Amino acid sequence: MNHFFKVKSLDEVLSLTREFYPTDAETVDTRKAFSRILADDVTAPRDMPGFRRATMDGFAVNASATFGASESTPAWLEIQGTVLMGQVPDFELPPGKAAHISTGGMLPKGADAVVMVEHTQTIDDTSVEIYKSVAPLQHVIDTSEDFASGDVVLAAGTFIRPQEAGLAAGLGFTTLPVHRVPVVGIISTGDEIIPIDQDPAPGRIRDINSYTLRGFVQEAHAQVIQYGIVKDDPDQLRKVCEKALKQTDMVLISGGSSVGTRDYSVEVLSALPDTRILVHGMSVSPGKPTILAKSGSKPVWGLPGQVVSAMVVMKMVVIPFLQRIQGHRVPKPLVRVPAKLTRNVASAQGRRDFVRVMLETGETGLTAKPVLGKSGLIRTMVLADGLLDIGENLEGLEKNTVTQVILL
């Protein structure tokens, strides 16, 4: 148990993400690539869009023919024809002539700009007056303005959102190389823990942590296997851990991470083959008795049994490791918003404090109202909108301080 007293700072723990590596790569249909992480660079096989394209309804022109045009002295141009959508114009456009064009249409040769229809007046079928000059490429997307052939358009490690999937589709990629979705195993421990469909007798509590941790994993776009509740029995916990390590990419053990006489996680993990303890104790509150082990190539976490502690550690520490094995090159940034404190908040130097806060809209912007309560009260997380991050070199924050709140 001597690991416990060698606590690490949050930054030291997060630096250990380099001990772990992403899951292997696989190829998936682009339609199923949403929320996956690219395993290789995607390079544009051609220019995009590949032709000069109008971004407004109006008239395709050579910009020089409109210079000096105004409402008092309009430019008069001869109408050469009409650009049909989805077709290559079968005519060229010399200076002094114009062509009807719709948004998305391909500019004919000789045209380099589009005059918005609002700035024109058709005189008859063969002529139009232009009331506003345009510059070259105005209201036009150029041939390679989106991407040029050979550009790395999506780098390995990119999280695929709808816009990335759309780009891949626009370049003709029917499949994409992505990292396999990690599977996370969740194990609840403790003689006092019972399934949620049972009525708790005095001294017992339903298994909350399995469900909160599952939610965090799913929110991070990973898969979950729950291994149920393991009593305070080292042999049973070892067997379940061995099973989980064979079936998953990361294991979360809820409870059993402190220094109590019946907390067996460190003992069990230390006895597993090819396993070493990287962390037992972090200088954070809540969440000090957190364990991180490396078993083979996989991270195994011993999370505090207290429900708030487990959730705060999950949000601030475990998720960056999960993102690492998903294939993110760097952790996704936490979303923070500025808010003014409604009261003084005390903190102890030498540790990182995460205080639950409610966000409310005040006259001068957002305010952060601390939600006070012990780490065993899930109510404090239900009421909270975010976490106030108080650095380890501070003794607290004063009322009316504007600080950054991490959104939950």
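**Close-up 1. The open sheet 16-13-17-21-20-18.** In this predicted model, 6 strands line up in the order 16-13-17-21-20-18 as an open sheet with mixed pairing; two strands pair if DSSP finds at least two bridges between them. Helices (H or I, at least four residues) and strands (E, at least two) are DSSP runs, numbered from the N terminus. Strand 16 (223–230) and strand 18 (275–280) sit at the edges, each pairing on one side only. From one strand to the next, the twist averages 20 degrees. Angles here run from 0 to 180 degrees between N-to-C directions, and axes are lines fitted to C-alpha atoms, for helices over the stretch in contact.

**Close-up 2. Strands 20 and 21, with helix 4 across the sheet.** Strand 20 (residues 291–295) pairs with strand 21 (residues 298–303) in the antiparallel sense, over 5 bridges. Look for leucine 292: its bridge partner in strand 21 is tryptophan 301. Helix 4 (residues 234–247) lies across strand 13 (183–189), strand 16, strand 17 (250–254), strand 20 and strand 21, and runs at about 170 degrees to strand 16.

**Close-up 3. Helix 3 meets helix 6.** The axes of helix 3 (residues 209–219) and helix 6 (residues 307–326) come within 10 Å and cross at roughly 20 degrees. That makes helix 3 and helix 6 roughly parallel to each other (angles under 35 degrees count as roughly parallel, over 145 as roughly antiparallel, 65 to 115 as roughly perpendicular and the rest as oblique). On the helix 3 side, the contact (heavy atoms within 4.5 Å) uses Asn209, Thr212, Leu213, Phe216 and Val217, while helix 6 brings Val307, Ala310, Met311, Met314, Lys315 and Ile319. Sorted by class, the contact of helix 3 with helix 6 has 8 nonpolar, 2 polar and 1 charged residues. Here Ala, Val, Leu, Ile, Met, Phe, Trp, Tyr, Cys and Pro count as nonpolar, Asp, Glu, Lys and Arg as charged, and the others, Gly among them, as polar.

**Close-up 4. The open sheet 7-4-6-5-9-8.** Here 6 strands form an open sheet, again with mixed pairing, in the order 7-4-6-5-9-8. The edge strands are strand 7 (113–116) and strand 8 (120–124), each of which pairs on one side only. Ignoring direction, neighbouring strands of this sheet are turned by 40 degrees against each other on average. Strand 5 (residues 75–82) and strand 9 (residues 127–130) run antiparallel and share 4 bridges, with alanine 75 partnered by isoleucine 130. Strand 5 and strand 6 (residues 97–101) run parallel, joined by 4 bridges, and threonine 82 stands opposite histidine 100 in strand 6.

Close-up 5. Aspartate 24 forms a salt bridge with arginine 180, and the closest N and O atoms are 2.9 Å apart. Aspartate 24 is in the loop between helix 1 (10–14) and strand 1 (25–29), and arginine 180 in the loop between strand 12 (175–179) and strand 13, so the pair ties together parts that are 156 residues apart in sequence. The count comes to 14 salt bridges, taking a side-chain nitrogen of Lys or Arg within 4 Å of a carboxyl oxygen of Asp or Glu as the rule.

**Close-up 6. Two cis prolines.** A cis peptide bond joins methionine 48 and proline 49, with omega about 15 degrees; proline 49 is in the loop between strand 2 (42–43) and strand 3 (53–54). The bond from serine 285 to proline 286 is cis too, with omega near -5 degrees, and proline 286 lies in the loop between strand 19 (284–285) and strand 20.

**Notes on the views.** Residues are numbered from 1 along each chain as its sequence is written, and side-chain values use heavy atoms, leaving out hydrogens and water. Local features need pLDDT of at least 70 and side-chain atom pairs count only at pLDDT 80 or more, while totals for chains, interfaces and linings use all residues.
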